[in-house]
Amino acid sequence: MIEISKALKLVDRETAILAAEKAALADTVGRVLRENIVADTDLPPFDRSQMDGYAMIAADTKGAPVTLDLVGESAAGRGWHKTLKARQSVRIMTGAPVPKGSDSVQKIELTRESTNGSVDILEPTEKGRFIVRKGAEIKKGKVVFESGEVITAGMIASLASFGYAKVKVGKQPRVAILGTGSEIVDITKKPGRDQIRNSNSVMLDVLCRKSRASTTVLPIAKDEISDLKFAIRNALKKADILVITGGVSVGKYDHTKTALAELGAEIFFDKVRLKPGKPAVFARLGKTLIFGLPGNPVSAAVTFHLFVRKAILKMQGASATDAKKGIAVLGADAKGARERDTYLPSLLDTNSSGQLVAHPMKWHGSSDFIGFSRADSLVFVPRGETIGKGETASIVFL
Ligand code: AMP
Ligand code: MG
């Protein structure tokens, strides 16, 4: 049995980064950048007006109201490119270039334009007023995002601004998902006596795709070594990662490990000091990484978040591959297992003092996925410890 930290290190060590490819910008959310994103222009590219109004020299508005000569107009996309002189003013729109010579803008509400080619400035302005200077947001040549960052929706506008219609991202790992168990039936079926619907395969499919893997869900394999070996061998051809659920414990019909050993897989770990998820297996056969997750849906979800997700992100070249950690105050006591470090599903909330509070969820063990289904975090409790209500604990965001 190995420590969680050791298991994570092994996943990191054995996972190779895939090649990069170009993808259309709109399809890149959740994918991993494989190039530095560099500003190809200053932003703004010119001194830009923040207001609809009039540009002038601030000193000319001393003792306002004053009347200035209206000598032109600067609109967005059609600037006024002469040089403004003393006691002159140019009508200007939001987003338009501020004319050379002027040093401030007065907003339209504090002006009155007349029909005889002049404008009254009703209140004085000051230097730099309502002007965003060229390069104030970013300077040309600066790295905006770094290779290894996961692209979020919030980053898309910046990528677009610098002309990245196509972005270099990590290739999507091909993940095959294999549910096993003689009792497991497809979700389209009404389970017969002693049967259980296959909730794991679709759950893992969704989780993998959320981390931008491309997935194939394989037909369920029975608890027979020959059936398992056949399914595993077939899956290897088209998968960078094979995720198997079920059959990894010590029961008479838990054959996943035997099947892997007989096929000649290299096993990196097959027991982790973790609850839930102790029997998790990590192996490689040919070039394919194999995760054998426990069949219990909650164990499968927790081990996915800790180990499989890490491999999927690493393959894409992500610089941060572990689930995001934090600290929260506990809303109820949380008890760790005696001999295994424990991750308890929890729901986050904030309290009136602005603290993040994690409420460990009532659940009935690792098969209780209904209790787990609204969890947005896991509370970490070191083995043998109890963390009391009101104390702080480490959490992982799901
Ligand atoms: P196992 O890991 O094979 O011992 O399975 C542990 C528990 O998880 C058993 O109650 C199984 O019926 C259940 N289980 C296994 N595979 C799945 C699956 N694909 N979907 C839902 N439950 C499963
Ligand atoms: Mg089973």
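Partly exposed means a relative accessible area between the two limits, under 20% for buried and over 50% for exposed. Arg 87, at 42%, is therefore partly exposed. The close-ups below all come from a predicted model.

View 1. Most residues other than glycine have a negative phi. Arg 87 is not a glycine, yet its phi is positive, about 65°. Arg 87 sits in the loop between β5 and β6 (88-92). Asp 194 also has a positive phi without being a glycine, at about 70°. The loop between β14 (184-185) and β15 (196-197) holds Asp 194. Asp 194 is exposed, with a relative accessible area of 63%.

**View 2. Two cis peptide bonds.** Leu 43 and Pro 44 are joined by a cis peptide bond, with omega about -10°. Pro 44 belongs to the loop between β2 (37-38) and β3 (48-49). Ala 64 and Pro 65 are also joined by a cis peptide bond, here with omega about 10°. Pro 65 falls in the loop between β4 (53-56) and β5 (66-74).

**View 3. Helix α1 against helix α6.** The two axes come within 9 Å and cross at roughly 25°. An angle under 35 degrees counts as roughly parallel, so α1 and α6 are roughly parallel to each other. Their crossing is right-handed. From α1, the contact uses Ile 4, Ala 7, Leu 8, Val 11 and Asp 12. From α6, it uses Leu 306, Phe 307, Lys 310, Ala 311 and Lys 314. By class, seven of these residues are nonpolar, none is polar and three are charged.

**View 4. Helix α3 against helix α6.** Helix α3 (residues 199-210) packs on helix α6 (residues 297-316) at an angle of about 30°, with the axes 11 Å apart. The helices α3 and α6 are therefore roughly parallel to each other. The crossing of α3 past α6 is right-handed. On the α3 side, Ser 199, Asn 200, Met 203, Leu 204, Leu 207 and Cys 208 make the contact. On the α6 side, the partners are Pro 297, Ala 300, Ala 301, Phe 304, His 305 and Ile 312. The contact has nine nonpolar residues, three polar and no charged ones.

**View 5. The largest nonpolar core.** This core has 41 residues. Ile 241, Phe 291 and Phe 307 have the most contacts inside it. At least two core residues come from each of α1 (4-14), β13 (174-179), α3, β17 (241-245), β18 (266-269), β21 (288-293) and α6. The most come from α6, which gives eleven residues. Phe 307 touches Ile 4, Ala 7, Leu 8, Val 11, Val 272, Leu 274 and Phe 291, leaving aside residues up to four places away in sequence. A second, separate core has 21 residues, among them Ala 259, Leu 260, Leu 263 and Val 281.

View 6. Thr 15 lies in the loop between α1 and β1 (20-24). Thr 15 touches Leu 289, Ala 311, Lys 314 and Met 315, not counting residues up to four places away in sequence. Lys 287 lies in the loop between β20 (281-285) and β21. Lys 287 and Ala 265 are 22 residues apart along the chain, and their C-alpha atoms are separated by 10 Å.

Definitions and conventions
Residues are numbered from 1 along each chain as its sequence is written. Chains are lettered from A and ligands numbered from 1 in the order in which they are written. This is a predicted model: local features need pLDDT of at least 70, side-chain atom pairs count only at pLDDT 80 or more; totals for chains, interfaces and linings use all residues. Side-chain values use heavy atoms; hydrogens and water are left out. Axes are lines fitted to C-alpha atoms, for helices over the stretch in contact, and angles run from 0 to 180 degrees between N-to-C directions. Helices (H or I, at least four residues) and strands (E, at least two) are DSSP runs, numbered from the N terminus. Angles under 35 degrees count as roughly parallel, over 145 as roughly antiparallel, 65 to 115 as roughly perpendicular and the rest as oblique. A crossing is left-handed if the near helix is turned anticlockwise from the far one by less than a right angle, and right-handed if clockwise. Contact means heavy atoms within 4.5 Å. Ala, Val, Leu, Ile, Met, Phe, Trp, Tyr, Cys and Pro count as nonpolar, Asp, Glu, Lys and Arg as charged, and the others, Gly among them, as polar. A nonpolar core is a set of buried Ala, Val, Leu, Ile, Met, Phe, Trp, Tyr and Cys residues joined through side-chain atoms within 4.5 Å. Buried means under 20% relative accessible area, exposed over 50%, partly exposed in between (1.4 Å probe, protein chains only).
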